[in-house]
Each structure stands twice: as structure tokens, then as C-alpha cells.
Amino acid sequence: MKLLNTTTAALALMAGTAIAGETHDHGIQSPVDAAKVADFDIVAAEVSLNGRFATFRMSTAGIAGNTTLEDTSNGAPGAAIWSYVWPTTLDPSVVGFGEETGILALAATNHPDFDDTPLFDENVDGDTGNDGGHWHSHWVVLTPNEACGPGALAVRDVADGETPIMPATWPGVPFYLDSPGFTPVFDGPEITINVVLANADINVLKGANYDGVTSALRVDTDFHAPYVCVTDVFDIASGDLSLPGKID
């Protein structure tokens, strides 16, 4: 595991000895690494347009989504988050955030200590507030934040008194996170999320670049800014976060 590092100029991830993935007609291909946890070891990442929706797909060396966190019942402060993430070059305004606010990424996350999808009941038990341990989707806006570590990324904070532009399904948390309700589908080594846009034609995604990342994040122990830091990177499809994939 390696700490996620960026530069503001290149937004490049310093991945140590990671081998860069190859880009093919059907996304980014990445070699198997036996040293990594298999279900977070990316072998392919792809984003494609399918009529009125887009399909975000990631394949792993193991059973995707098989490893999950234990519920410590400690609530959000200090909670760990595991994720499958597709960082993109799309402007965050495409999904309802303010313009030029950071790096827009789609993520599938799992964090049993808290629930951040108050509009949805993922486990269908009549309670919308206990579903964090089920894999679910988010749009997030990432920005460099030195408070998380040298060159590290964080989910962008909402400062006290700030009233930023947010998507309609923003769950009211003090950071740039949307809970759109797209259900991640796991099938053996593959995770798939089908995405529609509420206020734009899906073809606005065409030509944007993307990558695939598996990572861990952590909520601040005192729930103060920075609220959510990227703490570990398990794998990167391209090897260097160069976003070589192109949505078509």
C-alpha cells in the first residue's frame, strides 16, 4: 500500500514501482500483481457509453467486492472506507457540483461504521440509515490537501459558512460528495456501475479521460477538516494515474 501523492501541475500519482497499464480499444489493461490483495488488484478498467447511460467497469484478479471492513460501531469519525474509483477529467459541474472545483471521480465504497446515502435503503430493511456496509456509489470531488500528508488527496471540504453548488442528491455532509443511488453490480472479478445524468445528455462524457484506482480513505477522527483523506492506494490501472482511458 502506498500513500496517494499528486502534483498540482500534473495531478500525477507517485506509484513507486507500479508498472504502467496499457490502453486498448476496450479500456486500460493492467498486469496481475501477486503481492496485492487479489480483489483490489486491477486487471482492467473501462468506461463506455451505452445509449442514454454510461457503464463504468473494473475487473480484478480476485472476486471484486469480496473483502469488506468490519463494523466497529464507532460511527463516522475515524472510520475507514474502501473503494473502487474511476478518476476522470470531467468537470464536476457535469454531475451538479460547482465548476472547476477539483477532480471528479465515480466511486463504489464500503464503510459499515456510517451511512451516507440517506435517500436510499440498500439492504431493503425499511431503514435508510444503516446501509454503509453495503457497496454503494458516490460522485466525489478530490483535491490536493497537505493536511492528509505530503502531496495527498482528499475529498474537497465544505468550509464553515460556505454554501457551494451541490447535486440534488448531496447527503448534506461537509464535503463534496454526492449519493446518486447507482447500484454497483458485482459479478465474480468484475464490478459495474451504470450511470445516467439528471441534467445533461450522457454524451457530454464522450472524449473525457479516466483511470481506475482501488484505495482506502479515512474520516478524520474529530470530524474536522480535512474530513476525508485518501490514506492508501492498493492499485492503479495505469500505474501512474495518467488517465489514459478515453470514454467513447
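Which side chain meets that of Lys-36 in a salt bridge at 3.9 Å, N to O? The side chain of Asp-235 does. By salt bridge I mean a side-chain nitrogen of Lys or Arg within 4 Å of a carboxyl oxygen of Asp or Glu.

Before going on, the conditions. This is a predicted model, in which local features need pLDDT of at least 70 and side-chain atom pairs count only at pLDDT 80 or more, while totals for chains, interfaces and linings use all residues. Residues are numbered from 1 along each chain as its sequence is written, and side-chain values use heavy atoms, with hydrogens and water left out.

Back to the charges. The structure holds four salt bridges. Strands here are DSSP runs of at least two residues (E), numbered from the N terminus, as are helices (H or I, at least four). Asp-235 counts as buried, at 7% relative accessibility, whereas Lys-36 is partly exposed at 24%. Buried means under 20% relative accessible area, exposed over 50%, and partly exposed in between, with a 1.4 Å probe and protein chains only.

Lys-36 also forms a salt bridge with Asp-33, with the closest N and O atoms 2.7 Å apart. Asp-33 is partly exposed at 29%. Another salt bridge, at 3.5 Å N to O, is between Arg-57 and Glu-46. Arg-57 lies in strand E4 and Glu-46 in strand E3, so this pair ties together parts eleven residues apart in sequence. Arg-57 is partly exposed at 24%, and Glu-46 is buried at 17%. Through shared partners, Asp-33, Lys-36 and Asp-235 are joined into one network.

Next, His-138, in strand E7 (residues 136-144). Is His-138 buried or exposed? His-138 counts as buried, at 1% relative accessibility. Its side chain has a polar contact of 3.0 Å with that of Asp-116 and one of 3.3 Å with that of Ser-179. A polar contact is a pair of N or O atoms within 3.5 Å; within protein, one must be able to donate a hydrogen and the other to accept it, and residues adjacent in sequence count only if both atoms are side-chain atoms.

Now the rings. A search of the whole structure finds eleven aromatic pairs. Rings of Phe, Tyr and Trp (its six-membered ring) pair if their centres lie within 6.5 Å; planes under 30 degrees apart count as stacked, over 60 as edge-to-face and the rest as tilted. Trp-135 and Phe-186 have ring centres 5.6 Å apart and planes at 55 degrees, so the pair is tilted. Trp-135 is buried at 13%, and Phe-186 is partly exposed at 28%.

Last, the cores. A nonpolar core is a set of buried Ala, Val, Leu, Ile, Met, Phe, Trp, Tyr and Cys residues joined through side-chain atoms within 4.5 Å. The largest has 41 residues, and those touching the most other members are Phe-56, Tyr-84, Trp-86, Phe-97, Trp-139, Val-195 and Leu-205. Apart from it lies another core, of 25 residues, among them Ala-79, Ile-81, Val-173 and Val-219.
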